[in-house]
Amino acid sequence: MTLPIDIDQLQKNFGSKQVLRELNLEVPTGTVLGLLGKNGSGKSTLIKCALGLLRKSGGSAAIFADDAWHLSAASKARLGYVPQEMVSYPWMRVRQVIAYTAAFYPTWNHGLVDRLCQQWQLPLEDRVGPLSVGQLQTLGIVLALGHEPDLLILDEPVASLDPSARRHFLQTLIEIIDQPNRTVLFSTHITSDLERVASRVAILREGRIAFHGELDELKERVKRLRISSRQELPRSFAVPGALRCEVEGAAATVSIADFDESLVDQMRTTWDADITVHDLSLEDIFIEMHG
């Protein structure tokens with residue numbers, strides 16, 4: 001089956017600075033993939049290379065089996081994109097920008113767009129130039145959703161929205177993506193949003209994908225251990241696969257990347273300790289993985 005996004009050994013350099021390093025990423029049809037990474041980790045660069053908005057330095061990137069740098073009109077028609085910073089025609093009114101964009105798509109859903117504009121209170125008669133950053137971002141989301149794309153790519157789409165608008169957007173997104181053939185790549189630093197909508201997570205670190213898999217799988221793998229020993233723990237105390245280890249006397253807090261119950265049982269015996277295992281939120285996991 002043709003993958004909506006297929007990236008192999010992707011590299012991107014800006015002069016001597018290497019941002020993406022032999023990066024691999026496959027996004028199957030029907031996936032809602034959350035893309036996480038620290039500021040400056042290369043999330044937007046990855047998205048732009050995947051869309052052919054930046055020329056790659058090496059490797060390959062394809063959308064619906066089309067090379068990203070030479071996307072066909074058919075592939076573009078199946079694609080929706082919300083950039084981190086929305087740019088439009090400042091002299092046009094909002095309704096004119098919507099009508100202009102709709103003219104490119106025979107599948108444009110006028111009813112959906114009208115409902116979204118009303119729900120999100122977009123000022124249709126206002127010119128685009130004076131719109132607030134949040135209003136401009138909302139317009140970008142409407143334009144990306146209007147033709148109900150098979151692949152929707154969102155680069156920090158709610159960063160400038162107030163909490164109420166963000167909640168409305170996420171609810172709409174949940175409704176729109178509730179189709180087996182619709183694929184979404186959602187890049188954001190708001191981990192609570194990803195937990196509401198994403199089925200899979202990809203974590204970008206040092207130019208490569210450090211983790212790519214089911215969100216539930218990630219939560220099952222990364223745990224925090226609270227250790228209380230009946231003897232003072234040595235300063236050299238260490239746990240295989242630990243992301244973080246803090247020792248204070250007979251107590252320790254350890255975050256591990258690959259939880260194994262047998263390892264916990266072994267530690268209980270070795271250190272004569274009581275150990276409690278704590279689940280972590282996606283935000284906690286992200287912080288632990290990035291030190």
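Is serine 187 buried or exposed, and what is its relative accessibility? Serine 187 is buried, because its relative accessibility is 0%. Buried means under 20% relative accessible area, exposed means over 50%, and partly exposed lies in between, using a 1.4 Å probe and protein chains only.

A word on the model. It is predicted, so to speak of local features we need pLDDT of at least 70, side-chain atom pairs count only at pLDDT 80 or more, and totals for chains, interfaces and linings use all residues. Residues are numbered from 1 along each chain as its sequence is written, and side-chain values use heavy atoms, leaving out hydrogens and water.

Back to serine 187. It sits in strand β8, residues 183-187. Strands (E, at least two residues) and helices (H or I, at least four) are DSSP runs, numbered from the N terminus. Contact means heavy atoms within 4.5 Å. Beyond four places in sequence, serine 187 touches residues including Leu35, Lys43 and Asp155.

Now the sheet. Four strands form an open, antiparallel sheet in the order β2-β1-β4-β5. The edges are β2 (17-27) and β5 (66-67); each has a single partner strand, so one side of each lacks a neighbour in the sheet. Strands pair if DSSP finds at least two bridges between them. Five bridges join β1 (residues 5-14) to β4 (residues 58-63). In β4, isoleucine 63 is the bridge partner of isoleucine 5.

Last stop: phenylalanine 259. It lies in the loop between β13 (251-256) and α9 (261-271). Phenylalanine 259 is partly exposed, at 22% relative accessible area. Its C-alpha atom is 6.3 Å from that of lysine 223, 36 residues apart along the chain.
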